[in-house]
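Good morning, everyone. Please bring up the sequence and the structure, and I will talk through two parts of it.

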Amino acid sequence: MRYASTRDPAGTAGFGEALQRGLAPDGGLYVPTSWPHAQPEDLAQDRSLARLATRLLAPFVAGEPIAGELEAITDEAFSFPAPLVPLDSGPKLSILELFHGPTAAFKDFGARFLAATFGRLRRSNPQPLTILVATSGDTGGAVAAAFHGRAHFEVGVLFPKGLVSPTQERQLTCWGGNVRSIAVHGTFDDCQRLVKQAFTDSTLREQAELSSANSINLGRLLPQMVYYAAASLQIHRQHGERASFVIPSGNLGNALACIWARQVGLPIERIVLAHNANRTVTDYLQGGEWRPRPSVATLASAMDVGNPSNMERLRAMFPDLDGLRTAVTADSVEDVDIRRRIRLGFEQYGQIWCPHTATAAEVYHRLAARAGGADRLPGRWVVVATAHPAKFPEIVEPLIGRVIPVPDALARLLARPTACTEIAADLAELRAALSRRRV
Ligand SMILES: *Cc1c(COP(=O)(O)O)cnc(C)c1O
């Protein structure tokens, strides 16, 4: 399989190369040059996520030196489940729980696959690689967890000091060892700018080889297809129907993986993007004008994106707006409705949802209301749960009036001692922070 840049179809790369580069040299994003055809009947035999992943992803790494290690990679990455939980009072509605990994968010799947692959690609290279990641939420923790303790890797996690929740900050600063947590006096945009500057800084590049692990990396996108495959196959097996998904969306990486899963032949019907008050995509699909804008802060902060980078991949796949509108629909939810849906989810179903999941649940309920009731909404529906609510106790607990039980893995993280370096939003300070000896 070759991967082409969204900006230049001639500039192709193999899987390993595309993964290590992140961005194509022309600034575009890598997309597959052809679509393999998965046979749902073949895939349906694989009952474990890891084996399903191996079979589904094999064509995407075909011809690469790493291909023979795919099974070992998927064993490492898919070592926790992604259960589909039916809701009692709505037999046609299920929740796909993607939060059973080490940092309790779906980003663990992509980060762990990326780390397992990266580790093998660079096994023969003794030169350490520094992974820089700017984060305002779950990415930093997932990437830190996935690379923590891996020989020949250093990780720098940059986050905006004081602009992440106390619980999030603990997940970003509890690592030590080969992970440096860097609290930047500035905004998330400052963190991103610093990472970009670092990549073009000759001093830093002399000190260490740099790479990124952000959500446009193919190594994070491809594995996300796997849980959509598993969920849609399960529904097809049990009910003979195609599944429709409502996906909490920000940068559109998770939704794109679902679109790719449908593209290779999995039994997926509708794909609905659930955004928060950052309406760029919703407005585009409704009005036809692409108008990226600065992000606004919401309760579902991991989706606070005003200029989703994966839109470039979506538009390359569906060049005309009508085609895109057939492929996906979108809706946006304000904070008041996120809060209300968290309350209602608990009252109606006994479910405790994080603000991102509640955004998708609200979009589902609007669809049902428009159809004249859940019974009238055709098909089987899946609301994707992207994070465990215990990551957001400050928001969720007052709404449901009780303390959220913390999963063991997350409790272990939160109990670790924390440490971080504070810097001004300045490249010289980042250089100093990265060259300091490990603690
Ligand atoms: C990152 C994240 C999202 C948004 O996913 P995208 O792939 O950026 O669209 C949604 N929910 C949670 C909990 C996240 O961490």
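I will start with a pair of helices and then move to some strands. Keep in mind that this is a predicted model.

Helices first. Two packed helices are described by the angle between their axes and the distance between the axes. Here the pair is H4, residues 70-77, and H5, residues 107-121. Their axes come within 8 Å and cross at roughly 140 degrees. Angles over 145 would count as roughly antiparallel, so H4 and H5 are oblique to each other. The crossing of H4 past H5 is right-handed. On the H4 side, the contact is made by Leu70, Ala72, Ile73, Thr74, Glu76 and Ala77. H5 contributes Phe109, Arg112, Phe113, Ala116, Thr117 and Arg120. Of these contact residues, seven are nonpolar, two polar and three charged.

Now the strands. Is S13, residues 380-385, buried or exposed? Six of its six residues are buried, so S13 is largely enclosed by the rest of the structure. In a regular strand the side chains alternate between the two faces of the sheet. In S13, Arg380, Val382 and Val384 point one way, while Trp381, Val383 and Ala385 point the other way. Residues on both sides are buried.

What does S13 pair with? Strand S10, residues 243-248, pairs with S13 in the parallel sense, over four bridges. One of the partners is Val382 in S13, bridged to Phe245. S10 is also joined to S11 by five bridges, and these two strands run parallel. There, Ala243 has Ile268 of S11 as its bridge partner. S11 covers residues 268-275, and six of its eight residues are buried.

Note on methods. Residues are numbered from 1 along each chain as its sequence is written. This is a predicted model: local features need pLDDT of at least 70, side-chain atom pairs count only at pLDDT 80 or more; totals for chains, interfaces and linings use all residues. Side-chain values use heavy atoms; hydrogens and water are left out. Axes are lines fitted to C-alpha atoms, for helices over the stretch in contact, and angles run from 0 to 180 degrees between N-to-C directions. Angles under 35 degrees count as roughly parallel, over 145 as roughly antiparallel, 65 to 115 as roughly perpendicular and the rest as oblique. A crossing is left-handed if the near helix is turned anticlockwise from the far one by less than a right angle, and right-handed if clockwise. Contact means heavy atoms within 4.5 Å. Ala, Val, Leu, Ile, Met, Phe, Trp, Tyr, Cys and Pro count as nonpolar, Asp, Glu, Lys and Arg as charged, and the others, Gly among them, as polar. Buried means under 20% relative accessible area, exposed over 50%, partly exposed in between (1.4 Å probe, protein chains only). Two strands pair if DSSP finds at least two bridges between them.
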